[in-house]
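Reader: I've got a model open and I'd like to go through it feature by feature. Could you give me the general idea each time, and then the case at hand?

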Amino acid sequence: ETGDDAARLLQRDGEILLVLSDVRMPGDMTGIDLARLVRQERPSVRVLLTTGYVEGDSTVDDVDLLYKPYRANDLAEKIQSLLRAA
């Protein structure tokens, strides 16, 4: 539900291969914060962020962005591509 929830789940579950998050989300942790945490603590986990826009310099190097609106097929293809690259 929140970035904090995702961070806790990431610490408990060693089988996570990919994190999909919106850049903007409820709670104190943004999707960008979550992506940075994943990069630091679990660098083998792929991260895909989705957004309608990114403000200022709020970006993360080497994190894939999927801009809204997108089709389900676009999302599926991006996820498959990221998992193949793992």
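Reader: Let's start with pairing. How many bridges join strand 1 to strand 2?

Author: The general idea: strands of a sheet pair through backbone hydrogen bonds, either parallel or antiparallel. Here two strands count as paired if DSSP finds at least two bridges between them, and helices (H or I, at least four residues) and strands (E, at least two) are DSSP runs numbered from the N terminus. In this predicted model, strand 1 (residues 18-22) and strand 2 run parallel and are joined by 5 bridges. Leu18 stands opposite Arg46 in strand 2.

Reader: What does the chain pass through on its way from strand 1 to strand 2, and which hand does the crossover have?

Author: To read the hand, point the strands away from you: the crossover is right-handed if the path from the first strand over the helix to the second runs clockwise. Here the path goes through helix 2, giving a right-handed β-α-β crossover.

Reader: Before we go on, what should I keep in mind about the model?

Author: It's predicted, so local features need pLDDT of at least 70 and side-chain atom pairs count only at pLDDT 80 or more, while totals for chains, interfaces and linings use all residues. Numbering starts from 1 along each chain as its sequence is written, and side-chain values use heavy atoms, with hydrogens and water left out.

Reader: Good. What is the strand order in the sheet, and which strands are at the edges?

Author: The sheet is open, with 3 strands in the order 1-2-3 and parallel pairing. Strand 1 and strand 3 (64-67) are the edge strands, each pairing on one side only. From one strand to the next, the twist averages 25 degrees. Strand 2 and strand 3 run parallel too, joined by 4 bridges.

Reader: Which residues stand opposite Leu49 on its two neighbours?

Author: Ser21 stands opposite Leu49 of strand 2, and in strand 3 the bridge partner of Leu49 is Leu65. Ser21 itself lies in strand 1.

Reader: Is Ser21 buried or exposed?

Author: The scale is relative accessible area: buried means under 20%, exposed over 50%, partly exposed in between (1.4 Å probe, protein chains only). Ser21 has 5%, so it's buried. As for contacts (heavy atoms within 4.5 Å), Ser21 touches Gly31, Leu34, Leu48, Leu49 and Thr50, leaving aside neighbours within four places in sequence. Strand 2 is mostly covered as well, with 5 of its 6 residues buried.

Reader: What about Gly27, buried or exposed?

Author: Gly27 sits in the loop between strand 1 and helix 2. Its relative accessibility is 54%, so Gly27 counts as exposed.

Reader: Now the core. Which residues have the most contacts inside the largest one?

Author: A nonpolar core is a set of buried Ala, Val, Leu, Ile, Met, Phe, Trp, Tyr and Cys residues joined through side-chain atoms within 4.5 Å. The largest has 15 residues, and Val19, Leu34, Val38, Val47 and Leu49 have the most contacts inside it. Helix 1 (3-12), helix 2 (31-41) and strand 2 (46-51) each supply at least two residues of this core. Helix 2 gives the most, with 5 residues. Apart from that core lies another, of 5 residues, among them Leu18, Leu48, Leu66 and Leu75.

Reader: And where does helix 3 lie?

Author: For angles, axes are lines fitted to C-alpha atoms, for helices over the stretch in contact, and the range is 0 to 180 degrees between N-to-C directions. Helix 3 (residues 72-84) lies across strand 1, strand 2 and strand 3, running at about 155 degrees to strand 2.

Reader: Last one: how many salt bridges are there?

Author: The rule asks for a side-chain nitrogen of Lys or Arg within 4 Å of a carboxyl oxygen of Asp or Glu. That gives 4 salt bridges. One of them joins Lys68 and Asp22 (2.3 Å, N to O). Lys68 lies in the loop between strand 3 and helix 3 and Asp22 in strand 1, so this pair ties together parts 46 residues apart in sequence. Lys78 and Asp64 also meet in a salt bridge, at 3.0 Å, N to O. Arg71 forms a salt bridge with Asp74, with the closest N and O atoms 3.0 Å apart. Arg71 is exposed at 53% relative accessible area, whereas Asp74 is partly exposed at 26%.
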